[in-house]
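Here are some friendly notes to read with the model open beside you. Take the points in order, and find each residue on screen as you go.

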Amino acid sequence: MAMGMWASLDPLWEIPTEKRIFGAVLLFSWTVYLWETFLAQRQRRIYKTTTHVPLELGQIMDSETFEKSRLYQLDKSTFSFWSGLYSEIEGTNKKQGCKNEEVLAVLGHELGHWKLGHTVKNIIISQMNSFLCFFLFAVLIGRKELFAAFGFFDSQPTLIGLLIIFQFIFSPYNEVLSFCLTVLSRRFEFQADAFAKKLGKAKDLYSALIKLNKDNLGFPVSDWLFSMWHYSHPPLLERLQALKNSKQD
C-alpha cells in the first residue's frame with residue numbers, strides 16, 4: 001500500500017524542476033493569502049459580536065468611545081483606503097493626552113527595553129538574519145533552475161535573481177521569522193511593563209495605556225489567533241491584567 005502511494009507521486013517528480021519551483025512558490029503565496037484572510041475574518045467576527053465594553057474596562061472606558069473604536073476597526077477591516085482617510089480626519093480632533101506621571105511611566109517602560117538589552121538583542125538578530133540571507137543568496141544565485149522557473153531560460157540577470165530569491169524563495173522563511181519576531185516582541189513588551197512596575201509606575205502605566213489606546217482608536221478585544229500572528233504588542237487587556245495585580249494605590 002505504501003509503495004502504491006509513493007508510486008502515485010511519480011508523475012509529480014517527472015515535472016521539470018523549474019515548474020516545480022514555480023508551482024511551490026505559487027502554492028505558498030496562495031496559502032499565505034488564504035491564511036491572512038482567515039485571520040482577518042476571525043478578527044472581524046470579534047468586531048461584530050463584541051458590542052459591549054468588557055467588564056475589565058467598564059469603569060474606565062465609556063460605551064461611546066468603545067462603540068466608536070469598534071465601528072472604526074470594523075470599517076478598517078473592510079475599507080483600508082477609507083479607513084486611512086478617516087484616521088487622518090480623526091487625527092485632527094483633540095486627543096486626551098497623558099499626564100506628566102503617565103508620561104514618566106511610559107518612559108519607564110521604554111527604559112526597561114534599554115535596561116533589559118532588548119534593543120541590542122534586536123540588532124543582533126537583525127544582523128544574523130542579514131548574514132544568513134546574503135549567504136543563502138550567494139549559494140542560490142547560480143542555480144539555473146530558479147531563473148528557468150520564472151521564464152529566464154537563456155540568461156541569469158543578477159537583479160532578477162535578487163527579486164526571485166528574496167521575494168519568492170525566502171517567503172516561507174520570512175513568514176516564520178516574522179511570527180517568531182512577533183512572539184519575541186510581545187515577550188519584550190511584558191518585560192518592559194514589569195520593569196516599569198519595579199519603578200513604582202504600574203498605576204500610571206495602567207492609565208497611560210488606556211489613554212493611548214483611546215487616542216489611537218484601538219479596539220481592546222482581539223481574536224487570540226489573529227493577535228498572536230499580527231500584533232507585535234500584546235492586546236490591551238492582557239497588558240492591563242499583567243499590571244493589575246501589582247498596581248499601586
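1. Let us begin with the largest pocket. Its lining counts 30 residues, and those nearest its centre are Asn213, Gly218, His233, Pro234 and Leu236. A pocket here is an open set of points on a 1 Å grid over the protein atoms alone, with protein on both sides within 12 Å along at least five of seven lines, and lining residues have an atom within 4 Å of a point. Two or more lining residues come from each of H3, helix H4 (63–78), helix H6 (100–115), helix H10 (171–198), H11 and helix H13 (236–244). The volume of this pocket is about 690 Å³, where a volume is the space filled by probe spheres set on the points, joined across faces, edges and corners.

2. What kinds of residue make up the lining of the largest pocket? They divide into 14 nonpolar, 10 polar and six charged. In this count Ala, Val, Leu, Ile, Met, Phe, Trp, Tyr, Cys and Pro are nonpolar, Asp, Glu, Lys and Arg are charged, and the others, Gly among them, are polar.

3. A word on what you are looking at. This is a predicted model, in which local features need pLDDT of at least 70 and side-chain atom pairs count only at pLDDT 80 or more, while totals for chains, interfaces and linings use all residues. Residues are numbered from 1 along each chain as its sequence is written, and side-chain values use heavy atoms, with hydrogens and water left out.

4. Now the overall fold. The chain has 13 helices and zero strands; helices (H or I, at least four residues) and strands (E, at least two) are DSSP runs, numbered from the N terminus. Of the 249 residues in the chain, 30% are buried. Buried means under 20% relative accessible area, exposed over 50%, and partly exposed in between, with a 1.4 Å probe and protein chains only.

5. Look next at H11, which covers residues 202–215. From its first C-alpha to its last, this helix of 14 residues reaches 20 Å, close to the 20 Å expected at 1.5 Å a residue; the expected span is 1.5 Å times one less than the number of residues. Is H11 mostly covered or uncovered? It is mostly covered, with 10 of its 14 residues buried, including Leu205, Tyr206, Lys211 and Asn213. Just after H11, Leu217 has a positive phi of about 50°.

6. Although Tyr47 and Leu74 are 27 residues apart along the chain, their C-alpha atoms are separated by 5.9 Å.

7. Two loop residues come next. Thr51 sits in the loop between H3 and H4 and is partly exposed, at 37% relative accessibility. Ser155 sits in the loop between helix H8 (144–149) and helix H9 (158–169) and is partly exposed as well, at 36%. The C-alpha atoms of Ser155 and Lys144 are separated by 8.7 Å.

8. For the aromatic rings, a search of the whole structure finds 10 aromatic pairs. Phe166 and Phe170 make an edge-to-face pair, 5.2 Å centre to centre with 75° between the planes. Rings of Phe, Tyr and Trp (its six-membered ring) pair if their centres lie within 6.5 Å; planes under 30 degrees apart count as stacked, over 60 as edge-to-face and the rest as tilted. Phe166 is partly exposed at 25%, whereas Phe170 is buried at 5%.

9. Finally, the record. In an unreviewed entry, UniProt lists residues 20–39, 131–153 and 159–184 as "transmembrane region"; its positions are given in the numbering used here, feature names are shortened, and annotations may be inferred rather than shown by experiment. In the model, residues 20–39 are 100% helix, with end C-alpha atoms 28 Å apart. Residues 159–184 are 96% helix, with end C-alpha atoms 33 Å apart.

How values were computed:
1 Å grid on protein atoms, 1.4 Å probe; cavity = no way out; pocket = protein on both sides within 12 Å on 5 of 7 lines; lining within 4 Å.
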